[in-house]
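Please view the sequence and the model together while reading.

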Amino acid sequence: MREERNAVRTDGILKKTFRIEKEYFDFMQDNLEKADVRSVNAFVNRALAFYVGYVKAGSSGMYLQGALSSMIGAKLDLSESRIKDVLFKLAVEIAMQNRILARMTRITEKEIRDVRLASEEEVRRIFR
């Protein structure tokens, strides 16, 4: 084995020189933002991390399934959070409207309960 010319830095990074086909290099430069990295070096490290995980898994199906599952889970968590925020804001707006309407029409608490029960039954019937 050839003796290493470059020492490993204290942060664990090893500086090496590699040859790469121009089309791959151009692709990396053109897609830095899409890959959410700032440099070609970061792009290469991220690509290598993915490929190392793929090789270690021994099966592309198993590795890709895990990677996709993780990505989909993250997207669903983000969507769930956004939906919760929108539903909360909508509930606040509806509560405000109900209070204003009740004050304007001088509806009693009993009448409000009766309307709420009738509305709940109607919604349950529609969504069954």
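A pocket is an open set of grid points with protein on both sides within 12 Å along at least five of seven lines, and its lining residues have an atom within 4 Å of a point. The model is predicted.

**Helix packing**

Two packed helices are described by the angle between their axes and the distance between the axes. Helix 1 (residues 22-30) packs against helix 2 (residues 40-57) at an angle of about 105°, and their axes are 9 Å apart. Angles of 65 to 115 degrees count as roughly perpendicular, so helix 1 and helix 2 are roughly perpendicular to each other. In this contact, helix 1 supplies Phe25, Phe27, Met28 and Gln29, while helix 2 supplies Val40, Phe43 and Val44. Six of the contact residues are nonpolar, one is polar and none is charged.

**Pockets**

| Pocket | Volume |
|---|---|
| Largest pocket | about 800 Å³ |
| Second largest pocket | about 450 Å³ |

The largest pocket is lined by 21 residues, and Phe18, Asn41, Val44, Asn45 and Leu48 are the closest to its centre. Helix 2 gives the most to this lining, with eight residues. The lining of the largest pocket has 14 nonpolar, three polar and four charged residues.

Around the second largest pocket there are 15 lining residues, with Asn98, Arg99, Ala102, Ile112 and Arg116 nearest its centre. Helix 3 (60-105) and helix 4 (109-126) are the elements that give two or more residues to this lining. Helix 4 has the largest share, eight residues. By type, the lining of the second largest pocket divides into six nonpolar, three polar and six charged residues.

Notes:
Residues numbered from 1 in each chain as written. Predicted model: local features only at pLDDT ≥ 70, side-chain atom pairs only at ≥ 80, totals over all residues. Heavy atoms only, no water. Axes fitted to C-alpha atoms, helices over the stretch in contact; angles between N-to-C directions. Helix = DSSP H or I, 4+ residues; strand = E, 2+ residues; numbered from the N terminus. Parallel < 35°, antiparallel > 145°, perpendicular 65-115°, else oblique. Contact = heavy atoms within 4.5 Å. Nonpolar A, V, L, I, M, F, W, Y, C, P; charged D, E, K, R; others polar. 1 Å grid on protein atoms, 1.4 Å probe; cavity = no way out; pocket = protein on both sides within 12 Å on 5 of 7 lines; lining within 4 Å. Points joined across faces, edges and corners; volume = space filled by probe spheres on them.
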